[in-house]
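Biologist: I'd like to learn how to read a model like this one. Could you walk me through it?

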Amino acid sequence: MSDLRSRLPSTKPENAQEFYGRWAALYDVIARRTPGIPALRRRVAAACELERGDTVVEMGCGTGANLPYLSEQVGPEGTVIGIDFTGPVLERAREFTAEYDNVHVVRGDATQPPLADWSDVDALLATFVVGMLEDAPDAVDDWCDLVGPDGTVVLANAARSDEWYAPPVNAVFRAIVVLSTPPTTKLRYENAPHLRLDRKIDAAHRRLRERSRAVADETHVFGVVRLTGGRLE
Ligand SMILES: C[S@@+](CC[C@H](N)C(=O)[O-])C[C@H]1O[C@@H](n2cnc3c(N)ncnc32)[C@H](O)[C@@H]1O
């Protein structure tokens, strides 16, 4: 097993893009239809504490399941920008949001966002993304700098549950992590990929709490989804 592991390439953006590109249609169904997820998406959009006319960026927007909720919050006079580096998922996001004039879907890297056309960002959202970044706390730092004082950053991520019914929920979570991780990444072949993901997610959410005043600190979907929102001082 250690031989096999040493021959596998480490996490690479192109592996993630190929994986999400291939599974875009299936991912889209899961992202929109999983019980509890539509309510979560409405809640994360509300946690961004947007006002009408605001500009909000979603990093790693995937097939765009959050974008209508964000559009609703900023109104037609506001702007929603969804960024993702995987072409096929963005195509779905474009189709899905075609009727919203205030939503822009842009291909780019969440760690180097192509935002030259939009100078003032009021809020930033990233759902189920930081676990895929090489240095998640560093990315959170950059996102906090991007929104600046009075801006809001919101993260939502699946990690193991601490609730009393945790063992079966955590077993399902572990299976989901293994199945939904691009197969050529190191993460999938580790003995405990869910633990490494947990640590990464913990570190990212902790960095947001350190950098901001809490506006949301909750768990959802049987305690598996952690939601942290902070307003920069
Ligand atoms: C698990 S999906 C989540 C999609 C969406 N946020 C949602 O809640 O359904 C992760 C997404 O993040 C994107 N992603 C991962 N790393 C990225 C990066 N560095 N830059 C841009 N997109 C990235 C992937 O292409 C994928 O669409």
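Modeller: Gladly! Start with the inventory: the chain has 10 helices and 7 strands. Do keep in mind that this is a predicted model.

Biologist: What share of the chain is buried?

Modeller: Here we count neighbours: a residue is buried if 20 or more other C-beta atoms lie within 10 Å of its own. Of the 233 residues in the chain, 41% are buried.

Biologist: Which strands are joined to β5 by bridges?

Modeller: Look at bridges and direction together. Strand β4 (residues 123-127) runs parallel to β5, with 5 bridges between them. Strand β7 (residues 225-232) runs antiparallel to β5, and 7 bridges join that pair. L155 is a handy place to look: A126 has L155 as its bridge partner in β5, while T228 is the bridge partner of L155 in β7.

Biologist: What kind of unit do β4 and β5 make with helix α7?

Modeller: Follow the path from strand to helix to strand. With α7 (residues 136-147), they make a right-handed β-α-β unit.

Biologist: And which residues are closest to the ligand?

Modeller: Among the 20 residues surrounding the ligand, the closest are G60, G62, T86, A110 and T127. Sorted by class, that shell has 12 nonpolar, 6 polar and 2 charged residues.

Methods. Residues numbered from 1 in each chain as written. Predicted model: local features only at pLDDT ≥ 70, side-chain atom pairs only at ≥ 80, totals over all residues. Near = placed C-beta within 6 Å. Nonpolar A, V, L, I, M, F, W, Y, C, P; charged D, E, K, R; others polar. Pairing = 2+ DSSP bridges. Helix = DSSP H or I, 4+ residues; strand = E, 2+ residues; numbered from the N terminus. Right-handed = clockwise from strand over helix to strand, strands pointing away. Buried ≥ 20, exposed ≤ 12 C-beta atoms within 10 Å, placed from the backbone.
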